[in-house]
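Dear colleague,

Please find below the structure I am handing over to you, with its sequence. My notes on it follow.

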Amino acid sequence: MATALQKISEANPPTEPESEIMEDKKNRKTLQIYARQQAAIARLSHEVLLGGDLTSIMNKAVSTIADTLGNEYCKVLELLPDGKAMILRAGVGWKEGIVGAITVNAGLDSQAGYTLKSNEPVIVKDLKAETRFSDPPLLHEHNVVSGMSVVIRGKRSPWGVLGTHTSKPTMFTRDDVNFIQTVANILAIAIERRLSENALKESEQNYRSFIEKAQDAIVIINEKGIVSVWNKAAAKIFGYSRHEIMGQPITVIIPERFEKQHQEGLQKFVKTGNSRTIGRIMEVSGITKEGIEVPIEMSLAFQKSEDGQYSFTAIIRDITERKKWEEEIQRLSCAVEQSPASVIITDSEGKIEYINPKFTELT
């Protein structure tokens, strides 16, 4: 079979359009990975925003990184007060019983220590060929080959290190580094909030700061649908300043055809406490101050005060660009399917991932 494929390939050398199609295939895969990473960040941010337990958030962070990147190991290391060692606070993939018990040297002879001292992301392609630091026992015992680590920053000094590793050679991309650094930043916010939890005023300021600095729009309404929180990202998406929107009904950013559905859903939840939309990530539409309808991705959560009053938090992301990419990918997919040239796409190991109808016809 390999010989037959080789003959077909030699008889049908890649043309320029085929090269472009293969490049588009690569771009589509990159976009899918990026979208998966962004969705993971959105879910983790949601957990932090809702004020989950710090240990649970750390466990969620390491499992999210491992699952999203497809790595065996991930860890959160906290720098101990003496500054000489870090303790493994949370992890996934490691041998049973070492999380919460084992420590790692915070000096320059470990990847974590080197990351802490360099204060920047550290990427390792082959741990055995590494010259910047030695092969630390924790990684050596788990046959780690590749990995990357970043600093979890504290208010005045580094809090610790977030790292992920794999037992097979891996080339990490810039998006991968940005992804793990973003998770580290989210953890830093969660940790800082917990450390200042006893100071109510400071905690409130941190919460407001988190909302304002969030890249996604964060909108909070009461059970009557009146806006009480509106951050800068929301203003950027919908065009209304905080001064214009505060105290207004949320329906000003909901297309008219969906207003009745929104009102009925809100009233039903207040009466019954049940909703199919709470906790889900949904693709819906919003409308800007200029009357332009935009596609958005939204997740909803609710809070209930001591006096029984509900409030609802929406985390919103403008997905206009993503929709354009999806349309372009669909167009390219159709073009490949209908192409008069035979197209075969393989992975890095030569395994066939896709063939088009023309290739099937020829073979």
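**Thr164 and its surroundings**

The side chain of Thr164 reaches the backbone oxygen of Tyr73 at a distance of 2.8 Å. Please bear in mind that this is a predicted model. Thr164 makes a further polar contact through its side chain, at 3.0 Å, with the side chain of Asn71. The residue belongs to strand β6, and because its relative accessible area is 0%, under the 20% limit, Thr164 counts as buried.

Beyond its neighbours within four places in sequence, Thr164 is in contact with Ile65, Leu69, Asn71, Tyr73, Cys74, Ser146, Gly147, Met148 and Ile180. Three members of that list, Ser146, Ile65 and Cys74, are taken up below.

**Ser146**

Ser146 lies in strand β5, which covers residues 146–153. Its relative accessibility is 1%, so Ser146 is buried. A polar atom of the Ser146 side chain lies 2.5 Å from the backbone oxygen of Lys125.

**The nonpolar cores**

Which residues have the most contacts inside the largest nonpolar core? They are Met58, Ile65, Val76, Ile152, Leu162 and Leu187, in a core of 31 residues. At least two residues of this core come from each of α2 (16–49), α3 (54–69), β1 (73–79), β5, β6 (158–166) and α6 (174–195). The largest share is that of α6, with 10 residues.

Not counting residues up to four places away in sequence, Ile65 touches Gly70, Cys74, Leu162, Thr164, Phe179, Ile180 and Val183.

**Aromatic pairs**

A search of the whole structure gives 8 aromatic pairs. One of them joins Phe269 and Phe312 edge-to-face, with 5.3 Å from centre to centre and 70 degrees between the planes. Phe269 is in helix α10 (residues 256–272) and Phe312 in strand β11 (residues 310–318), so this pair ties together parts that are 43 residues apart in sequence. Phe269 is buried at 4% relative accessibility, and Phe312 is buried with a relative accessible area of 6%.

Phe302 and Tyr310 form an aromatic pair that is likewise edge-to-face, 5.8 Å centre to centre with 65 degrees between the planes. Are these two residues buried or partly exposed? Phe302 is partly exposed, at 36% relative accessibility, whereas Tyr310 is buried, with a relative accessible area of 11%. Phe269, Phe302, Tyr310 and Phe312 form one aromatic cluster.

**Cysteines**

How many disulfides does a search of the whole structure find? The number is 0. As for individual cysteines, Cys74 counts as buried, with a relative accessibility of 0%. Cys334, by contrast, is partly exposed, its relative accessible area being 32%.

With kind regards

Note on methods:
Residues are numbered from 1 along each chain as its sequence is written. This is a predicted model: local features need pLDDT of at least 70, side-chain atom pairs count only at pLDDT 80 or more; totals for chains, interfaces and linings use all residues. Side-chain values use heavy atoms; hydrogens and water are left out. Helices (H or I, at least four residues) and strands (E, at least two) are DSSP runs, numbered from the N terminus. Buried means under 20% relative accessible area, exposed over 50%, partly exposed in between (1.4 Å probe, protein chains only). A polar contact is a pair of N or O atoms within 3.5 Å; within protein, one must be able to donate a hydrogen and the other to accept it, and residues adjacent in sequence count only if both atoms are side-chain atoms. Rings of Phe, Tyr and Trp (its six-membered ring) pair if their centres lie within 6.5 Å; planes under 30 degrees apart count as stacked, over 60 as edge-to-face and the rest as tilted. A nonpolar core is a set of buried Ala, Val, Leu, Ile, Met, Phe, Trp, Tyr and Cys residues joined through side-chain atoms within 4.5 Å. Contact means heavy atoms within 4.5 Å. A disulfide is a pair of cysteine sulfur atoms within 2.5 Å.
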